[in-house]
Amino acid sequence: MAVDVPGLVTVVVFYLVILVIGIWASRKSKKVEKTCVGSKSEVSIVGGRNINVLVGVFTMTATWVGGGYILGTAEAVYSPAQGLIWAVGPPAYFMNFLLGGLFFAKPMRSKRYVTMLDPFQHRYGNMFTTALLLPALAGDILWVACILAALGGTMSIILGLSSTISIIISAAVSIIYTFLGGLYSVAYTDIIQLSFIFISLWLCIPFLMLCPAVTDISQTAVFNQSTANSWIGELNLADAGKWTDEMLLLALGGLAYQSLHQRILSAASSTQAQITCFAAAGVVFVTGIPSVIIGAVAASAGLRAGAAVGDPC
């Protein structure tokens with residue numbers, strides 16, 4: 001497959017913008033470091049506890065809204081064996097942030113912890129905390145692998161680039177700006193990334209829905225000619241346990257995720273931390289809507305009378 005040159009140029013420009021924003025934010029981080037009463041680690045890890053609500057909402061949402069969330073939601077809606085009802089990401093993450101704001105934001109922020117493991121260290125000591133660190137570390141590594149794999153697959157399909165090269169370059173850019181500015185660089189680049197994701201997905205939708213090979217998704221919501229199922233999907237009683245398990249895994253599992261608590265602890269106050277969680281709950285749900293529509297369109301492709309599955313849009 002030939003490399004898509006215009007697409008490649010666009011991606012290069014995007015990466016340069018991200019790198020420039022990250023470097024700019026690192027300078028802001030250095031200024032905060034001079035005035036911060038806490039340690040340097042507080043500036044690096046929790047932004048000197050000075051991240052405002054708007055930036056906090058963006059960075060908290062962007063931490064969840066990545067390749068796994070975007071592609072996974074669309075894939076679940078598209079899959080004949082699943083459908084919308086099995087796309088549990090948006091409602092589960094909504095619950096995750098809501099629970100975080102209700103039960104964790106205030107006590108964690110008011111005690112000025114730096115990581116989610118600090119309460120365990122203070123109560124049970126270093127050995128017990130180290131044992132808890134290992135599964136959290138493994139989870140972070142697997143999560144990053146999931147995001148990078150989704151990115152590499154997307155690049156290889158759309159641009160014709162090697163997924164390995166895409167992963168290496170993306171990881172290098174992320175490491176550079178994170179190393180330079182810590183949470184400040186991550187938070188401000190998250191604003192750009194989330195904005196690009198949300199706007200770009202909505203820009204794609206009119207072209208997808210107007211494709212000649214795509215049936216109106218309102219019609220395929222109740223009938224899919226190829227599978228005798230709608231893209232809404234169905235939940236049988238026999239599968240209720242599995243569905244509940246997946247929902248609770250995402251809704252409750254995220255409460256043990258350092259990135260959530262990092263954003264909570266970076267807020268200027270306990271109240272601001274709660275507001276950030278509640279606002280992010282709404283935003284993360286809304287950002288899943290384009291993926292749902294794209295999955296529904298994909299499930300409806302090739303079902304229009306006279307159109308073949310392979311017809312171009």
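Q: Helices (H or I, at least four residues) and strands (E, at least two) are taken as DSSP runs, numbered from the N terminus. With that settled, where does R49 lie?
A: In this predicted model, R49 lies in the loop between α2 (residues 40-46) and α3.

Q: Is R49 buried or exposed there?
A: R49 has a relative accessibility of 6%. The cut-off for buried is under 20%, and R49 therefore counts as buried.

Q: And what is its phi?
A: The phi of R49 is near 55 degrees, a positive value in a residue other than glycine. Most residues other than glycine have a negative phi.

Q: Which loop holds R112, and what is the phi there?
A: R112 is found in the loop between α5 and α6 (118-124). Its phi is positive, at about 55 degrees, although R112 is not a glycine. R112 has a relative accessible area of 44%, so R112 is partly exposed.

Q: Changing topic to packing: at what angle do α3 and α12 pack, and how far apart are their axes?
A: Helix α3 (residues 53-64) packs with helix α12 (residues 270-286) at an angle of about 50 degrees, and their axes are 8 Å apart. The two helices are therefore oblique to each other.

Q: Left-handed or right-handed crossing?
A: The crossing in which α3 passes α12 is right-handed.

Q: Which residues make the contact?
A: From α3, the contact is made by V53, G56, V57, M60, T61 and W64. From α12 come Q272, I275, T276, C277, A279, A280, V283 and V284.

Q: How do those residues divide into nonpolar, polar and charged?
A: Ten residues of the contact are nonpolar, four are polar and none is charged.

Q: On to the largest nonpolar core: which residues touch the most other members?
A: This core has 21 residues, and M60, W64, F97, L260, I264 and V284 touch the most other members. Two or more residues each are given by α3, α4 (67-78), α5 (89-110), α8 (163-209), α11 (258-265) and α12.

Q: Which element gives the largest share?
A: The largest share comes from α12, with five residues.

Q: What does W64 touch?
A: Leaving aside residues up to four places away in sequence, W64 touches Y69, Y93, N96, F97, W143, G254, Y257, L260 and V284.

Q: And how many residues are in the other core lying apart from that one?
A: That other core has 15 residues, among them A213, V214, W231 and V292.

How values were computed
Residues numbered from 1 in each chain as written. Predicted model: local features only at pLDDT ≥ 70, side-chain atom pairs only at ≥ 80, totals over all residues. Heavy atoms only, no water. Axes fitted to C-alpha atoms, helices over the stretch in contact; angles between N-to-C directions. Parallel < 35°, antiparallel > 145°, perpendicular 65-115°, else oblique. Left-handed = near helix turned anticlockwise from the far one by under 90°. Contact = heavy atoms within 4.5 Å. Nonpolar A, V, L, I, M, F, W, Y, C, P; charged D, E, K, R; others polar. Core = buried A, V, L, I, M, F, W, Y, C linked by side-chain atoms within 4.5 Å. Buried < 20%, exposed > 50% of the residue type's maximum accessible area, 1.4 Å probe, protein only.
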